[in-house]
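This report looks at pairs of charged side chains in one protein. Please keep the sequence and the model at hand while reading.

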Amino acid sequence: MKNLLLSLAASSVLAAVVPTAHAEAPITAVQGTVAKPTIVLIHGAFADSSSWDGVAKKLTAKGYPVLSVANPLRSVGNDAQYAASVIGAVKGPLVLVGHSYGGMVISKAAEGNPEVKALVYVAAFAPEQGETVAGLAGKFPGGTLGDALADPVALADGGKELYIRQDKFHQQFAADVAPKQAALMAAGQRPVTVAALNEAASGSAWKQLPSYFVYGTADKNIPLEGLRFMARRANPKDVVEVKGASHVVMVSHPDAVAKVIEEAAQAK
């Protein structure tokens with residue numbers, strides 16, 4: 001009985017404290033300043049927030065506040081709305097970074113937020129309004145993702161979601177990552193809905209904001225010519241091609257990716 005009363009008392013204290021703490025404390029551990037904007041990292045399909053660990057380590061070591069958002073991967077519109085809500089709770093200037101499908105998300109989530117100073121596309125989709133992930137991925141030959149997918153998983157709402165087969169994950173998604181690490185990534189991959197991959201983009205914030213692109217030349221999810229096409233039409237401030245890098249260039253080459261992000265953060 002005593003333990004129950006203590007538990008109830010603790011719950012009451014927590015309920016009383018949380019709203020106040022939420023109102024006063026920033027969402028990042030270090031508040032961004034003009035010199036050090038907060039870097040918001042948004043992962044793509046078949047990855048998760050841990051895919052940014054190497055990049056986050058480089059950036060935090062240089063004093064940047066970093067927030068790695070858990071992307072729901074349910075629909076472009078809802079995912080962007082969710083990301084915008086999280087971003088809206090961050091104090092000070094922001095640099096949004098999207099990987100793969102995450103590029104669709106930042107292209108919409110950045111709209112209407114005056115604190116966003118730049119967008120960084122990491123092996124990512126930078127869509128024109130009306131374009132889809134599926135359409136952009138298939139615009140140029142060379143992608144092999146379709147052959148690496150497992151059978152779709154039926155969802156209770158009638159939709160379907162996709163995983164990469166674990167025995168295909170290393171070569172398809174992360175060929176330049178150590179096999180043991182790739183196996184862990186395969187086990188922890190977050191699925192994306194079929195609907196999200198076929199949902200038309202409603203935002204193209206790269207038209208209004210400075211953009212930066214970094215991607216690998218050995219990407220098997222988005223053909224190299226597709227990545228180059230999206231980068232060229234965005235008229236970015238910088239484009240970095242990492243020779244031989246896979247789709248998860250932020251995992252295999254965190255130094256190169258962090259350098260581009262820092263360039264975006266420091267630009268005037």
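How exposed is Lys 58, in terms of relative accessible area? In this predicted model, Lys 58 is partly exposed, with a relative accessible area of 35%.

Side chains of opposite charge can pair when their charged atoms come close. Lys 58 forms such a pair, a salt bridge with Asp 255, in which the closest N and O atoms are 3.0 Å apart. Because Lys 58 belongs to helix α2 (residues 53-61) and Asp 255 to helix α12 (residues 254-266), the pair ties together parts that are 197 residues apart in sequence. Asp 255 counts as exposed, at 51% relative accessibility, where the cut-off for exposed is over 50%.

Another salt bridge joins Arg 233 to Glu 131, and here the closest N and O atoms are 2.4 Å apart. This pair also links distant parts of the chain, since Arg 233 is in helix α10 (residues 224-234), while Glu 131 sits in the loop between β4 (116-122) and α5 (133-137), 102 residues apart. Arg 233 counts as partly exposed, with 25% relative accessibility.

## Other salt bridges

The side chains of Lys 108 and Glu 111 also meet in a salt bridge, with a distance of 3.1 Å from N to O. Lys 108 is partly exposed at 29% relative accessibility, and Glu 111 is likewise partly exposed, at 33%.

Glu 225, Arg 228 and Glu 241 are linked in a network of salt bridges. A search of the whole structure finds nine salt bridges.

Key. Residues are numbered from 1 along each chain as its sequence is written. This is a predicted model: local features need pLDDT of at least 70, side-chain atom pairs count only at pLDDT 80 or more; totals for chains, interfaces and linings use all residues. Side-chain values use heavy atoms; hydrogens and water are left out. A salt bridge is a side-chain nitrogen of Lys or Arg within 4 Å of a carboxyl oxygen of Asp or Glu. Helices (H or I, at least four residues) and strands (E, at least two) are DSSP runs, numbered from the N terminus. Buried means under 20% relative accessible area, exposed over 50%, partly exposed in between (1.4 Å probe, protein chains only).
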